[in-house]
Amino acid sequence: MEKKKRSFSALICVAVLLLFVVFLENLSAIFPQVPQVFMPTSPLFTVLKKAAVYSLVAVSMNLLNGFTGLFSLGQAGFMLLGAYTYAILTVPTAMKDQVYYLFEGCAFDFSLVDMFGGIFGSEGAGGAFSMVLGCLVALILAGAVAGFFAYLIGIPVLRLKSDYLAIATLGFAEILRAIFQWQKLGKITNGANMIKGFPTFSSFNITNSSGVEVLRLSTFVPFLISSICITVIVLLINSSYGRAFKSIRDDEVAAEAMGVSLFKHKMLSFVISSFFAGVGGALFAMYVANAQAKAFTSVMTYEILLIVVIGGIGSVSGSVLATFLYVACSEWWLRFLDSEQYIGSFKVPLLRNGFRMVVFSVVIMIIVLFFSQGIMGNHEINLGALIDKITRRSKRSERKQ
Amino acid sequence: MASALHLENVTMQFGGVVSVNNLTLDVPEHKIIALIGPNGAGKTTAFNCITGVYRPTNGLIEFMGNPIVRSHPVGKEARTYKGNNADKYAGEPIISPTPDHITGLGIARTFQNIRLWKSMTVFENVLIAKHQRAKQNVFTATFRGNHAEEERMRKETMELLEEQGLDVYKDELAVSLPYGLQRRLEIARALATQPKLLLLDEPAAGMNPQETIELADFVRTIRDKYDLTVFLIEHHMDLVMNISDYIYVIDFGSEIAQGVPEEVQNNKRVIDAYLGTG
């Protein structure tokens, strides 16, 4: 069973990666003398968190654009739905009046975390458990709400093709953003103001009774959730339904003639993609520690589209790889371009606030112009094969000796 | 002899152009029936009406005795309709299924210009055709609860490929095959949907004489093996005369002749249609 072995080794690799993230995060606690980069405040962890969130959204977009051939630009809209669903459902009841002070309280006097807290106790281990459970249920509901709206929107919109579909979904996302900023819905969405006070990634750090952090998990949590979701998407892509999606991408007429129902499968792909975009949106809200409609503009969709294109349309591992590179470049590696730099006494010209974006745009243009297939094309990084190769090589060298 | 496919007064009008005009024909079970005609006669349009790609403007199509497509002109179509029998089906509800529904009933087709899935291997091309009849849903498929079903699909696909002599190419991209094999793969893919009726749209197009002769035997073999009825469009007269049990000839959308090969061969209207009236 070659295939089974490969998926097993891929699973091991993911587990090792997750353990490595935990290790990296707690490095400063074990060795207080580590370089600045490994300190909890370092941009490294900001990048890792954001990239973990974005990679899930990028993969969900790739499922739609790369594997089903539906050019949709509604991702930010579904993220917004997910973020708000998560935020509204998890803000503690005690915080509601404070968050919704402009609207004199929230219409939902209910919080999942408090509800589970009522069952399992809100102190100590019970409190931690009810927080995790509440967040988990809220994440799933965030996806479900996004998926449900995708279903409603999909009925009229999925009849459209290529550019028309893109325009319709983009319009939907913009309308949604406007609705969520509407003052009259303030009791639910807090109008144009942000919702905050809900559990974020740092809420998952384990502290002892005196409030000192024992084990940091704030980077591990987005990694864990993203990798579970991406694994599910990969399983779907490799299943019979994934093959049907690809057949629609390659040739709709032939797919339909061979018994693949276009409407059913397009809808399925759209709803599943939106579900994970919704989960991604909820994770994004956790990452920025607030939910505000203003953040989910079409620029965000383009950013994700760019990641998908850079990674390679039709490659999951490409999307993940591209996300980490993209986020690292935009948030960290190119930061030095934004401030004045000196080499010896020579002042490097042009460097000033905002120059980073110029360089970044040029880099992206070069990639899109000269590497139109993206980093991976439609290939995948085959971890199993890679391991096979390495073990075979080491065996060969053993034999030589 | 029971009829597998029966077309009655099928008319397809695009704007002011009548592509198929009042076509009535009958495809008896377990026979090989050909539909021939000069270029632009409306043969492929007739196929597209049968397989649900188009809703015919007017007419009735029955498969195994059950109506599968029924239509009459509505709205603007009714005002511009140029064909006959507009009132014949007007009282009855329109049935206009999608192509995948038709395939589900047991009608499979191939295409005039090969339409294989380009980014996929030979094996996957056939495997996808099995998707519709597999007992699974998206959850069992994703979380591998359909293991037995998936195994069965793979095994049957492999058997089909072996039988067509395509098993050696199974991991190659479908488009990298030579032309004749691509045609054969398209037929294999159609067979994978477990049809009762096979529609072949110019199966010999682009084949050399040797391949054409092989194709004739091949069509007969699969008909007997899978208990199929075959309805084909073809331009190679040698092939048509060789394998058809009965032939319908259309020109400008209307039927101009029908009969067994000998009758059609000597029919003056057919000769005129192909060679032009001198």
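Visitor: Let's start simply: how many helices and strands does chain B have?
Guide: Good place to begin, and remember that this is a predicted model. Both kinds of element occur in chain B: the count is 11 helices and 10 strands.

Visitor: Which strands stand at the edges of the six-stranded open sheet, and why?
Guide: The order of the strands in chain B is β6-β7-β8-β3-β9-β10, with mixed pairing. Two of them have a single partner strand each, so one side of each is left without a neighbour in the sheet. Those edge strands are β6 and β10 of chain B.

Visitor: In which sense do β9 and β10 of chain B pair?
Guide: Strands of a sheet can pair either parallel or antiparallel, through backbone hydrogen bonds. Here β9(B), residues 246-251, and β10(B), residues 254-259, are joined over five bridges, and B:I247 has B:G259 as its bridge partner. The two strands form a hairpin with two residues between them. Their pairing is antiparallel.

Visitor: And which residue in that hairpin turn has a positive phi?
Guide: Look at the turn between β9(B) and β10(B). One residue there has a phi of about 50°, and that residue is B:F252.

Visitor: Do β3 and β9 of chain B run parallel or antiparallel?
Guide: Strand β3(B), residues 32-36, is joined to β9(B) by four bridges. Along this pair, B:L35 stands opposite B:Y248. The two strands run parallel.

Visitor: Which helix lies across β3, β6, β7, β8 and β9 of chain B?
Guide: Look for residues 43-50 of chain B. This helix runs at about 150° to β7(B), and its name is α1.

Visitor: Last one: how is α4(B) set against α6(B), and why?
Guide: The axes of α4(B), residues 122-129, and α6(B), residues 147-163, come within 9 Å and cross at roughly 120°. Residues making the contact include B:F123 and B:L127 of α4(B) and B:M153 and B:L160 of α6(B). Angles of 65 to 115 degrees count as roughly perpendicular and those over 145 as roughly antiparallel, so this angle falls in the remaining class. That makes α4(B) oblique to α6(B).

Conventions
Residues numbered from 1 in each chain as written. Chains lettered and ligands numbered in written order. Predicted model: local features only at pLDDT ≥ 70, side-chain atom pairs only at ≥ 80, totals over all residues. Pairing = 2+ DSSP bridges. Contact = placed C-beta atoms within 7 Å. Axes fitted to C-alpha atoms, helices over the stretch in contact; angles between N-to-C directions. Parallel < 35°, antiparallel > 145°, perpendicular 65-115°, else oblique.
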